[in-house]
Amino acid sequence: MRDAFSFCRICSGLCGVRVTIDDDGRVAKVRGDKGHPITEGYACIKGLNADVEGTRLLHPLKRMPDGSFERIGVEQALDEIAEKLAAIIARDGPDAIATYRGTANFNNQSAFQMLPTWMQALGSASFFSSLTIDQSAKVVSMERLGIWAAGRPAFEGSDVWMLIGANPLVANSLSLGGFPGNPLKTLKSAKDQGLKLIVIDPRRTETAEFADIHLQPIPGQDVAIASGLLRIILTEGWHDAAFCARYANGLDALIAAVAPYTPELVEARAGISAHQLREAAEAFARNASRGIVRTGTGPDFSPHSNLSEHLYEAINVVCGRYLREGEPVWNHGALSPERHPRAEVIPPKRSWETSRRTRVGGYGMLVGEQMTGALVEEILEPGPGRIAALFVAGGNLVPALPDPARTLAAFASLDLMVTIDPVMTATARASHYVFAPLGQYERADITRDAHAFKRPFAQYTPALTEPPQGSELVEDWYPFWALAKRLGLSMTYSGVPLDMDAPPETETLLEILTRDAKIPLSELRRHPLGKIYDFPARQVLPPRPEATGRFEVAPPDVVAEIAEVLAEATAPGFSHLMVSRRMRETMNSALTDLPAVRQRHRYNPAFLHPDDLAELALAEGDEVEIASAHGTIIGVAAADARLRRGVLSMSHGWGRVIPEPGSDPRADGTSVAPLVSGTHEREPINAMPRFSAIPVNIRKAKA
Ligand SMILES: Nc1nc2c(c(=O)[nH]1)N[C@H]1C(S)=C(S)[C@@H](COP(=O)(O)OP(=O)(O)OC[C@H]3O[C@@H](n4cnc5c(=O)[nH]c(N)nc54)[C@H](O)[C@@H]3O)O[C@H]1N2
Ligand SMILES: Nc1nc2c(c(=O)[nH]1)N[C@H]1C(S)=C(S)[C@@H](COP(=O)(O)OP(=O)(O)OC[C@H]3O[C@@H](n4cnc5c(=O)[nH]c(N)nc54)[C@H](O)[C@@H]3O)O[C@H]1N2
Ligand code: SF4
Ligand SMILES: [Mo]
């Protein structure tokens with residue numbers, strides 16, 4: 001037995017861990033590392049158990065004509081795949097080959113960079129990721145509003161924090177305004193120092209329990225809420241007029257556009273009292289000076305998400321809640337190249353207006369990616385330019401996309417589908433080839449700069465163990481390099497040409513990724529627990545004379561959509577609205593079969609307020625039929641008194657995606673994906689499906 005240090009890469013929390021490895025080289029125990037400078041021993045049930053008791057694929061598999069899977073060697077599989085790719089490229093061109101990056105690829109730095117490298121080598125623009133079925137509304141908003149170059153204030157040191165549809169005490173999502181380190185401890189200590197927490201969520205979440213003000217609205221009404229908040233702030237003069245005069249265009253147009261959203265209208269739409277709305281606006285804009293509005297998935301899954309994001313971020317803009325000239329910036333990164341923060345606006349880019357358009361839906365691109373919400377039609381629609389081959393790297397698209405029957409039909413029509421996943425997921429089962437990746441403690445990695453931390457932090461982990469004997473696992477980046485080699489392509493990885501004769505070492509790829517970093521990899525390797533780098537703060541510098549960019553708080557398309565929402569009526573004929581929620585024990589569709597998880601949950605309940613259950617004559621444990629305009633599912637009812645009445649709350653990622661006769665929601669859970677339309681109710685610009693605030697009817701299921 002021996003212990004080694006590493007960090008968990010299941011979610012983006014970056015928890016430092018101490019891993020016990022037994023004499024056979026297997027992971028015997030994972031503990032939170034008490035000596036870790038950031039997370040100080042915190043780790044969750046996922047990190048503690050996944051690598052100890054999880055089962056996984058140990059070899060590549062190939063699908064046979066009868067649908068069964070047989071073992072195949074890695075190099076043999078790659079030969080066959082390369083041959084098919086060459087034929088597709090010759091017939092249709094490289095854009096016919098698509099790659100999708102799922103959540104697991106984000107926490108694997110060497111593999112993360114290999115995907116754009118692969119697409120570039122191929123010459124294919126068909127790159128997709130989970131970003132565009134998640135919170136790409138934030139990207140749309142940044143590209144319409146503009147970006148503050150010096151960044152936002154950190155959580156620690158703020159006197160107010162407004163969280164909209166985010167539950168960081170469960171999701172631990174650092175990029176969403178979460179609480180870095182040990183989330184609960186960080187939140188409590190900030191509150192002890194006087195932080196006011198405002199939460200806007202239809203559910204009194206674990207995070208909302210700590211809120212000074214919790215607004216519990218009707219889901220899907222964030223445009224009204226954000227407009228109402230802006231209206232109060234701007235009419236009361238609680239905004240930062242000097243900052244707006246210097247840095248923002250369109251303030252008068254914004255004032256006019258939100259004028260109809262009186263507290264009374266917001267109350268009628270969102271079901272939160274005029275008094276509460278004012279209290280929240282006052283606590284944020286009048287009584288506090290440091291701290292921001294941050295949104296999670298809630299508003300970004302609901303209708304008009306691009307507009308909601310724009311309006312919530314506009315609150316930060318009009319209140320000037322950014323790192324301002326002369327302020328110290330403590331965390332300017334350890335792994336990013338040296339950069340001097342400036343008090344400047346990076347002007348709106350609107351890349352979707354100038355980039356290439358997709359063949360079917362006419363969608364432009366965002367951050368160099370195509371829209372995952374439109375992937376299925378790009379496969380299904382025949383004609384030149386159709387996607388014929390799909391690589392899925394660390395994702396599970398079948399439950400993640402709307403309408404799984406349509407997704408599966410599209411996948412069945414592909415000439416070639418390849419998935420890299422340790423689990424035989426619904427997506428893997430739809431694939432021709434499946435590669436099994438190394439486990440997280442079998443590969444070297446580095447953290448990414450987490451700007452949520454107060455100070456620059458970085459950690460390197462070597463591979464702690466060898467793969468199990470007799471297994472044939474791949475580094476997540478390897479199949480792409482090996483296919484490029486077979487196709488005779490050259491690869492440039494983060495600016496560095498790769499040798500295409502012999503595969504690189506992962507360590508070499510990490511060296512490339514950190515070659516311009518402030519802290520070289522050799523230094524990282526000397527601190528196995530990770531290290532906080534106490535660089536001196538950088539002052540935010542004055543703007544450069546040529547930096548004339550300004551925020552656009554009310555561009556015409558935004559103003560038009562505000563008016564459109566004002567004229568909208570609620571969908572008739574539905575009694576409840578279904579919202580999303582994350583579960584502490586699972587990571588999207590992953591880990592639902594882990595024994596430690598199964599001990600606590602065998603399925604994902606259909607949560608309703610106890611009074612709603614009573615009104616529907618339902619008892620906890622009853623099977624319920626949940627019907628949207630697009631599909632019907634069977635769930636298992638459970639009571640949650642923290643919900644607003646009229647709201648049904650369920651996690652995604654559970655259940656068999658196409659319920660077969662005799663499938664048991666109590667044994668497998670329920671997939672919510674059939675409730676979501678793959679073709680309707682998508683957002684303009686990013687084709688984002690409606691994963692939350694879905695109108696549904698609920699009744700007891702027939703036996
Ligand atoms: N209805 C509904 N749909 C949703 C959502 C919702 O809330 N409701 N949420 C949306 C959001 S926010 C997201 S991000 C997407 C998620 O969409 P995806 O990223 O496509 O789905 P995940 O379930 O996160 O898939 C992660 C996969 O990675 C695998 N994996 C784990 N470790 C590794 C590894 O080391 N290497 C590799 N190669 N694979 C690994 C897991 O087994 C799992 O199959 O779904 C979206 N879809
Ligand atoms: N344990 C765990 N952690 C995870 C994940 C996981 O599956 N499990 N997934 C990871 C991923 S991929 C992501 S994207 C992040 C997501 O991180 P979060 O966005 O923080 O996810 P949730 O905890 O679901 O919080 C979303 C909240 O939005 C509320 N909500 C729903 N609809 C609306 C609405 O219309 N308006 C408002 N204002 N609120 C609404 C819901 O009630 C819910 O409390 O979590 C990441 N972390
Ligand atoms: S919160 Fe849990 S899953 Fe996420 S990094 Fe920490 S231990 Fe891993
Ligand atoms: Mo996500």
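Predicted model: local features only at pLDDT ≥ 70, side-chain atom pairs only at ≥ 80, totals over all residues.
Reader: What makes E17 and E18 a pair?

Author: Three bridges join strand E17 (residues 416-420) to strand E18 (residues 433-435). Pairing takes at least two bridges. Therefore E17 and E18 count as paired. The two strands run parallel. Val418 stands opposite Tyr433 in E18.

Reader: Which sheet holds them, and what is the strand order?

Author: An open sheet of seven strands, ordered E5-E4-E18-E17-E16-E6-E7. Its pairing is mixed.

Reader: Why are E5 and E7 called edge strands?

Author: Strand E5 (69-71) and strand E7 (127-129) each pair on one side only. From one strand to the next, the twist averages 20°.

Reader: How do you know that helix H4 packs on the sheet?

Author: Helix H4 (residues 109-122) touches strand E6 (97-101), E7 and strand E16 (389-393). Touching here requires heavy atoms within 4.5 Å. The direction of H4 makes about 170° with that of E6.

Reader: Which strands does helix H20 touch?

Author: Helix H20 (residues 478-486) touches E6, E16, E17 and E18. Its direction makes about 145° with that of E16.

Reader: What makes Tyr100 a polar contact of ligand 1?

Author: A polar side-chain atom of Tyr100 lies 2.7 Å from an oxygen atom of ligand 1. The cut-off for a pair of N or O atoms is 3.5 Å, so the Tyr100 pair qualifies. Asp476 qualifies too, because an N or O atom in its side chain is 2.6 Å from a nitrogen atom of ligand 1. For Arg582, a polar side-chain atom lies 2.9 Å from an oxygen atom of the ligand.

Reader: How much of ligand 1 does the protein cover?

Author: The protein covers 91% of the 920 Å² of accessible area that ligand 1 has on its own. The shell has twelve nonpolar, ten polar and four charged residues.

Reader: How do you know that Gly165 makes a polar contact with ligand 2?

Author: A polar backbone atom of Gly165 is 3.3 Å from an oxygen atom of ligand 2. The limit is 3.5 Å, so the pair counts.

Reader: Which elements each supply at least two residues of the shell around ligand 2?

Author: Helix H6 (168-171), helix H13 (297-301) and strand E27 (576-580). In total, 32 residues surround ligand 2.

Definitions and conventions:
Residues numbered from 1 in each chain as written. Chains lettered and ligands numbered in written order. Heavy atoms only, no water. Helix = DSSP H or I, 4+ residues; strand = E, 2+ residues; numbered from the N terminus. Axes fitted to C-alpha atoms, helices over the stretch in contact; angles between N-to-C directions. Polar contact = N/O pair within 3.5 Å; in protein donor to acceptor, adjacent residues only side chain to side chain. Areas by Shrake-Rupley, 256 points an atom, 1.4 Å probe, with all protein chains shown as cover. Nonpolar A, V, L, I, M, F, W, Y, C, P; charged D, E, K, R; others polar. Near = heavy atom within 4 Å.
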